[in-house]
Amino acid sequence: MRTRFVILLAALALLVPLMNVSAQGETSYPLAAISGGNVYLYGFGDTPIQVTETPAQNTLSMAWSPSGQYLAFTRWDENYALVLWLYDQQAGGAPVQVASGLASGLPVTFSADNQLVYAVDTGQFEQSEVGPGGPITNAYVVDPVVGTPQQIGTFTFGVGCGGGSSSPADWRYWAEAGTGPGGAHPIFALTSQGVVYSTNCTGRGVTLLNTQSGASTVLSDTMGNALVSPDGTRVAGVADGQLTVIDLATGQSTPVASQPGADQVAWSADGATLFYSTRQETGRTLPATPDEQQQLAQALGASDPSMLEFPVMTVGLYQVALADGTESTLYISEGYAIGRILPTPDGAAVLFSEIPNLDLWVQQVTSGQINPMADVGQQQLDTVPVTLFALSLVDGSVTAVGTDLNQAVLNTGAYGGM
């Protein structure tokens, strides 16, 4: 095993100021990200381009077209309907509404030929003898140029998810990774074999919908955090804690040797390599001292301070060659989670986002700066800011791109024009 370690203190993530991505060193990364509740483009000029005019509490999904021209994203409107918007990066102007009433648990994506792919909740519910059942959901594609949606299939998307947390790190992680509480991020993608979608709202379970026959075939009952390969022939994810690849034509599942705590997954542009992250407990907890435990207990109104322990996590980023299983350790650091992994199409770097541990939150709660009994609002979320890093696959160096660049999506199609 070839190993390359880059160890950074988690506290570094708290010190990086908000930056213009296009001005970082000699490299510009064309991407979209959410900052202050609005969608911005970075790396397309000297200053960020603001796409939306009003902040949204939740932007659930964003995706670039393979051509690099269009950015699709979903946001809740004032009537709590999930709306799909499309922004033309070349033409500029205001984003255009494409559809409303989207299924909230599924992402928007693009097909290889630049068709926008999305799912709409019909409002009808299908009962199930096994599990809670779910809404009947229609799959659509639309050509951004022509603008006429075409229905390509119907399936049932299982429901029954819920939950929450008093930890702002959990909420940051769930938003950044696109998961629900305690779940995995879902998959929804059109391939030559059909539509690959998550079986239910937990994001675990992968099913293939044949758009010709309408039949659905379960590929895995347990795979989560799944992504389709760049050529559309395979899907990779984490099944029962094991990195796994499934062939969409045959349904054959192949486990890939991986470290414990495998979490987020990404494909290299050529489909020959997988990148994946890990999350593991260090064995240490916060608060670190009995005095801090007592102060936190008083702030939370808890009678037993020893029950107030938050695990300190460590994260890792790995690269594995699928041909022979050769693995490289790219990055290890104390941190709560890696939310996103974004390999560049030229193979020179991989971007990743990291959420820090709860050190600052504990400090501000015990000092009285934060009321932990209140809902998890922006003040608490600010103690666990997302930091976007760029890791060179040439020399292993890690550069902080910026903070408050949430849910970043890399415009791989823009590389040819830069």
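## Salt bridge

The count of salt bridges in this predicted model comes to 1, under a rule that requires a side-chain nitrogen of Lys or Arg within 4 Å of a carboxyl oxygen of Asp or Glu. The pair consists of E334 and R284, whose side chains meet at 2.0 Å, N to O. In general, side chains of opposite charge can pair when their charged atoms come close.

## Strands β24 and β25

Strands β24 and β25 run antiparallel and are joined by 7 bridges. Within this pairing, V315 stands opposite S333 in β25. The two strands form a hairpin with 5 residues between them, and G325 in the turn adopts a positive phi of about 80°. Of the 8 residues of β25, 6 are buried, so this strand is largely enclosed by the rest of the structure.

## Surroundings of M313

M313 is found in strand β24, which spans residues 310–321. Its relative accessible area is 7%, which places M313 among the buried residues because the cut-off for that class is under 20%. Leaving aside residues up to four places away in sequence, M313 touches R279, Q280, E281, T282, E334, G335, Y336 and N357.

## Strands β22 and β23

Strand β22 (residues 262–267) has 6 of its 6 residues buried, so it is largely enclosed by the rest of the structure. β22 pairs with β23 in the antiparallel sense over 4 bridges, and A262 stands opposite T278 in β23. The hairpin of β22 and β23 has 5 residues between the strands, and G271 in this hairpin takes a positive phi near 75°.

## Confidence of the model

The mean pLDDT of the protein is 88, with 91% of its residues reaching 70 or more. Over residues 1–27, however, the pLDDT is below 50, and this stretch has 71 contacts in the model beyond near neighbours in sequence. Where pLDDT is low, the predicted coordinates should not be read in detail.

Technical notes. Residues are numbered from 1 along each chain as its sequence is written. Side-chain values use heavy atoms; hydrogens and water are left out. Buried means under 20% relative accessible area, exposed over 50%, partly exposed in between (1.4 Å probe, protein chains only). Contact means heavy atoms within 4.5 Å. pLDDT is the predictor's confidence in each residue, from 0 to 100. Two strands pair if DSSP finds at least two bridges between them.
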